[in-house]
Amino acid sequence: MANELHSNFIAGEWVEGTNVTRDVNPSDVSDVVGEYAQADAQQTDRAIAAARAAAPAWAAFNVQARADILDKIGNEILARKEELGTLLSREEGKTLPEGIGEVARAGNIFKFFAGEVLRRTGELVPSVRPGIDVEITREPVGVVGIISPWNFPAAIPAWKVAPALAYGNCVVFKPADLVPGSAWAMAEIITRAGLPAGAFNLVMGRGSVVGEAIIGDPRVDAISFTGSVDTGRKVAAKAVAGMKKIQLEMGGKNPLVVLDDADLKTAVECAVNGAYFSTGQRCTASSRLVVTKGIHDKFVAAMTERLKSLVVDNALKPGVQMGPVVDKNQLNQDLFYIEEGKKEGAKLAYGGNLLKRETEGFYLEPALFTETRNDMRINREEVFGPVATVIAAKDYDEALAIANDTQFGLASGIVTGSLKHAAHFRRNSQAGMVMVNLPTAGVDYHVPFGGRKGSSYGPREQGRYAAEFYTAVKTAYVLA
């Protein structure tokens, strides 16, 4: 497979790019997963033109046939989840169970939206004027540009592409340049499902080339982007300047509050899962652990012991609990923040060292800082790696204030035995998703995903709420 060139898909045909990128296994840098074509601005222009040309026919496509297409895609993804999950873990570094689980989620997303095709509803309401009916319906937006990140190379493309197609939009899809393999495999399945030429287009390549071309083209009606805050702001500015509909999912600095009455084992497992699984490379990771004083010392001791037992190794090995960091650049970013934490006076209570394993890869020991303040850089900026901090709080009120004191607002969590505090936290946490006695990372595919403040912009993703972004509302007045 490494020697096979994986092409772009434009206007119903596989097309070689103008350059090639090598997809490398972060667990074993000698292992080349594959070679993938990179599109240029001209090829991206062709893909957009194809999507625009196909838009009327796909919007009018029979709903049962459209539902069958999405269901077929979902079924094949699920049937191949072990194969595709292995590919995902090999290219991105998630453990094999995580990789297989993510692929299964992608398949279920397509099947969910296959059902949504047939669940489209409208409203018929009386006008305030006699003899007039008012009909409210939803229509496709048109051409949707989709730009996805590297940390969930199967699930995030699925939760963008599936609703876009389900609601009758044509797609121009640019996956992350770092991990094109899983996105290409999903795209290849889509291309055999029965879509008309041009309804779905895959253009791999650099964001500065392909992404810029998609965002700046007036024939693209909407942009769905997941990535960094800085890039998201630039995407938003350019998209709004072109009067495009925009949906952004960006960073997080998610708090997990641990109260004195928490079950210690539950608290530790929630923290370890949320902060370190998927190598901490999740926008929902609980990177700030806000712990009240009565349980603080016991929690830190138990966390340290738990981290000592965390198995860090090649993502494909059985029993591994944390794989490598995705690449050298991300590893350097993680190491930079670990050094920054030390400089700021935080205590590195555990880890943070480079690890050597049987194969050469980007292995980093999970890091835990204690004695930190919420105004420290490591508590203000997203590290996006296996690095978590403990912030001491005197009581629940202070813990809630610390949790909310951030520019982000994606996910938050609390571990407590108190129904009172759990209910108050659910109401007053300034986050789009709140977890009680659960890790902050880990969400369902049939309910809304998204946050507040600097984490998200525009309508929610996933579930039936996806219609808010992928459709336009039309109000029609009819003389009865």
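**Notebook: charged side chains**

I began with E92, which forms a salt bridge with K94, the closest N and O atoms being 3.6 Å apart. The model I consulted is a predicted one. I looked up the burial of both partners: E92 has a relative accessible area of 1% and is therefore buried, and K94, at 2% relative accessibility, counts as buried as well.

I next examined K160 and found a salt bridge to E461, with the closest N and O atoms 2.9 Å apart. Because K160 lies in helix α5 (residues 155–166) and E461 in the loop between β22 (456–457) and α15 (467–470), the pair ties together parts that are 301 residues apart in sequence. I noted that K160 and E461 are both buried.

I then turned to R306, whose side chain meets that of E269 in a salt bridge (2.8 Å, N to O). R306 belongs to helix α10 (residues 293–308) and E269 to helix α9 (residues 264–276), so this pair links parts 37 residues apart in sequence. R306 counts as buried at 15% relative accessibility, whereas E269 is partly exposed at 32%.

I also recorded a network in which salt bridges with shared partners join E76, R80, E83, E188 and R192. For the structure as a whole I noted 27 salt bridges.

Finally, I asked what the side chain of K253 reaches. K253 lies in the loop between β12 (245–249) and β13 (255–258). K253 is buried yet has no salt bridge, and the nearest side chain of opposite charge, E382, is 7.6 Å away. The side chain of K253 reaches the backbone oxygen of E381 at 2.8 Å. Beyond its neighbours within four places in sequence, I found K253 in contact with residues including S287, R288, T406 and F408.

How values were computed
Residues are numbered from 1 along each chain as its sequence is written. This is a predicted model: local features need pLDDT of at least 70, side-chain atom pairs count only at pLDDT 80 or more; totals for chains, interfaces and linings use all residues. Side-chain values use heavy atoms; hydrogens and water are left out. Helices (H or I, at least four residues) and strands (E, at least two) are DSSP runs, numbered from the N terminus. Buried means under 20% relative accessible area, exposed over 50%, partly exposed in between (1.4 Å probe, protein chains only). Lys and Arg count as positive and Asp and Glu as negative; His and the chain ends are not counted. A salt bridge is a side-chain nitrogen of Lys or Arg within 4 Å of a carboxyl oxygen of Asp or Glu. A polar contact is a pair of N or O atoms within 3.5 Å; within protein, one must be able to donate a hydrogen and the other to accept it, and residues adjacent in sequence count only if both atoms are side-chain atoms. Contact means heavy atoms within 4.5 Å.
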